[in-house]
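Reader: Hey, could you walk me through this one? I'd like to start with the helices.

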Amino acid sequence: MSDLLERLRDRGWRLTAQRRVVAEVLDGDHVHYTADEVHARATERLPEIARATVYNTLSELVSIGEVIEVSTDGRAKRYDPNARHTHQHLVCSNCGTIRDVHPTGDPLSALPEAERYGFTIAEATVTYRGTCPNCAAG
């Protein structure tokens, strides 16, 4: 059973066959699938699952805070089930591969007081960009 499935069970979220398949597809390290990729993988397990069901399930998982919606460089939104652990993202500028990273230090403290303009900062999102090994080799 995936961590996401356990969290959803703990919340008392009704796990229909369709919801279970979406959660199972999102299981794993460094998972950042688009909705279409989730749908394609879900249909391998449950051929009758509708695209709308996948989109609605992803939207609900985001709204309840169990999945993070990741947008990078105008590409399709991706869905990250690693919502319980603070992390940042490393993105390949060529192919769009995304990896979870855990830098040391607090990104909130990296912004000097003079640059906060009176804002009360609640969170900081850092995206590291570069070229993945596959793109660098090609």
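Reader: Which residues of α2 are buried?
Author: The buried residues of α2 are Arg19, Val21, Val22, Ala23 and Val25. Buried means under 20% relative accessible area, exposed means over 50%, and partly exposed is in between (1.4 Å probe, protein chains only). Helices here are DSSP runs of H or I with at least four residues, strands are runs of E with at least two, and both are numbered from the N terminus.

Reader: Before I go on, what kind of model is this?
Author: This is a predicted model, where local features need pLDDT of at least 70, side-chain atom pairs count only at pLDDT 80 or more, and totals for chains, interfaces and linings use all residues. Residues are numbered from 1 along each chain as its sequence is written, and side-chain values use heavy atoms, with hydrogens and water left out.

Reader: OK, back to α2. What do its buried residues pack against?
Author: They pack against α1, β1 (33-34), α3 (35-45) and α4 (51-63). Contact here means heavy atoms within 4.5 Å.

Reader: How do α1 and α2 sit relative to each other?
Author: They're oblique to each other. Helix α1 (residues 3-11) and helix α2 (residues 17-25) pack at an angle of about 140°, with axes 8 Å apart. On α1, Leu4, Leu5, Leu8 and Arg9 make the contact, and on α2 it's Arg20, Ala23 and Glu24. The axes are lines fitted to C-alpha atoms, for helices over the stretch in contact, and angles run from 0 to 180 degrees between N-to-C directions.

Reader: What about valine 54, where is it?
Author: Valine 54 is in helix α4, and it's buried, with a relative accessible area of 0%. Leaving aside neighbours within four places in sequence, valine 54 contacts Val22, Ala35, Val38, His39 and Ile49.

Reader: Switching topic: where is tyrosine 117?
Author: Tyrosine 117 is in the loop between β5 and β6. At 64% relative accessibility, tyrosine 117 counts as exposed. Its phi is near 50°, a positive value in a residue other than glycine.

Reader: And isoleucine 121?
Author: Isoleucine 121 lies in the loop between β5 (98-101) and β6 (127-130), and it's partly exposed, with a relative accessible area of 30%.

Methods:
Angles under 35 degrees count as roughly parallel, over 145 as roughly antiparallel, 65 to 115 as roughly perpendicular and the rest as oblique.
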